[in-house]
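This report describes a single protein chain from its overall make-up to selected local features. The sequence and structure are shown first.

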Amino acid sequence: MLFSGYSYASAQDTVPNQAAGDVRTLAVDIHLSLNRDNTPDAIAFKLTQAIQLFRSPCEEVTDFQIYSRSQNLTVLKAKCKATPLYGISVGSNGYISVYGGDGIIAGFDRRDGVIYSFGLDGNLEASDGITIDNILDETAARLQSGDDFSPVYILLFVVIVLIIIAISIVMSLGLLRRRSSRREADTQLFSRRVSKETKDQLTQESKKLIANIFKHPSGIYIVRGKSGHRRFFASLIWALSYRYFSTRLFESSPPTPIDEKADQD
């Protein structure tokens, strides 16, 4: 008899042709095995027996998950070959119920607990964590099978991917800017150590953006740090970083003063 809802029935009602004592013994055996942390393959074998006792088609349990567990009752999800998920409830008093197998049981979710899976060779393949590869594989599998999935799970995957992309872009741009700054400094032969008078002149030629940050007509930012020293940066991001965090990342060469450039022309 196959149950299509979450209303439970006693072992005697659901397995009329099976000796009630044997069914209760199996229920207690499964419950004790779970609480004593028996090997997953042994538990899977007993779950297969339970599903078969309820006259439900199940050649072999290939995956199962402990959905909830208390002192007296344990609820599991189990997957057989070529059938949807089953729900199995077993109690310490011999209570047992098998339901599902017709698509009413939601798919596995790693947030509910460890999923025990057995490969083609019969070896255990347990997963107790969430990784990017696991999220991608599970999301694709659920979309293909039509199982329900949590939007939060998808959002978590998208956020992780966006963070990785953003970090990669920032690091790439930073390295590129650093190389460009070095090439520019080598070509123009500008010295990073300029006199206070030159810095004053460059500051006077520049437009004040905010306190202690100026932009020279050449596009270079002049920043006075917390220590009082003025540094040059080609990017506003690194200028702000030096101003507020004193980090001298990708420092640039100082520009040529306008008067000096006019004399050269």
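The text below treats the chain as a whole, then a sheet with its helices, aromatic contacts and backbone angles.

## Basis and overall make-up

The model is predicted; local features require pLDDT of at least 70, side-chain atom pairs count only at pLDDT 80 or more, and totals for chains, interfaces and linings use all residues. Residues are numbered from 1 along each chain as its sequence is written, and side-chain values use heavy atoms, with hydrogens and water left out.

The chain contains 8 helices and 10 strands, where helices (H or I, at least four residues) and strands (E, at least two) are DSSP runs numbered from the N terminus. Of its 265 residues, 36% are buried; buried means under 20% relative accessible area, exposed means over 50%, and partly exposed lies in between (1.4 Å probe, protein chains only). The accessible surface is about 15,600 Å², and carbon and sulfur atoms supply 56% of that area; such areas come from the Shrake-Rupley method with a 1.4 Å probe, and for residues only the protein chains shown count as cover. Among contacts (heavy atoms within 4.5 Å) with a separation of 6 or more, 45% join residues 24 or more positions apart.

## The sheet β7-β8-β9-β10

Four strands form an open sheet in the order β7-β8-β9-β10, with antiparallel pairing. Two strands are taken to pair if DSSP finds at least two bridges between them. Because β7 and β10 stand at the edges with a single partner strand each, one side of each has no neighbour in the sheet. From one strand to the next, the twist averages 30 degrees.

Strands β8 and β9 run antiparallel and are joined by 3 bridges, and Lys215 stands opposite Tyr221 in β9. Two helices pack on this sheet. Helix α6 (residues 196-205) touches β7, β8, β9 and β10, and its direction makes about 55 degrees with that of β10. Helix α7 also touches β7, β8, β9 and β10, with its direction at about 10 degrees to that of β9. For these angles, axes are lines fitted to C-alpha atoms, for helices over the stretch in contact, and angles run from 0 to 180 degrees between N-to-C directions.

Strand β9 (residues 221-224) pairs with β10 in the antiparallel sense over 4 bridges, and Arg230 in β10 is the bridge partner of Arg224. The two strands form a hairpin with 5 residues between them, and Gly228 in the turn has a positive phi of about 95 degrees. Along β10 (residues 230-233), Arg230 and Phe232 point one way, Arg231 and Phe233 point the other way, and all are buried.

## Aromatic contacts

A pair of aromatic rings is described by the distance of the centres and the angle of the planes. Rings of Phe, Tyr and Trp (its six-membered ring) pair if their centres lie within 6.5 Å; planes under 30 degrees apart count as stacked, over 60 as edge-to-face and the rest as tilted. A search of the whole structure finds 2 aromatic pairs.

| Pair | Class | Centre to centre | Angle between planes |
|---|---|---|---|
| Phe64 and Tyr116 | stacked | 5.0 Å | 25 degrees |
| Phe233 and Tyr242 | tilted | 5.5 Å | 40 degrees |

Phe64 belongs to strand β1 (residues 61-69) and Tyr116 to strand β5 (residues 115-118), so their pair ties together parts that are 52 residues apart in sequence. Phe64 is buried at 1% relative accessible area, whereas Tyr116 is partly exposed at 22%. In the other pair, Phe233 is buried at 0% relative accessibility and Tyr242 is buried at 4%.

A charged group also meets a ring: the charged end of Arg243 sits over the ring of Tyr244, 5.6 Å from its centre. This description applies if NZ of Lys or CZ of Arg is within 6 Å of the ring centre and within 35 degrees of the ring normal.

Most residues other than glycine have a negative phi. Asn212 has a positive phi near 70 degrees; Asn212 lies in the loop between β7 (207-210) and β8 (213-215) and is partly exposed at 24% relative accessibility.

Ser246, also not a glycine, has a positive phi of about 60 degrees. Ser246 is placed in the loop between α7 (236-245) and α8 (258-264), and is partly exposed with a relative accessible area of 42%. Leaving aside residues up to four places away in sequence, Ser246 touches Lys226 and Ser241. Ser246 and Arg224 are 22 residues apart in sequence, and their C-alpha atoms are 9.8 Å apart in space.
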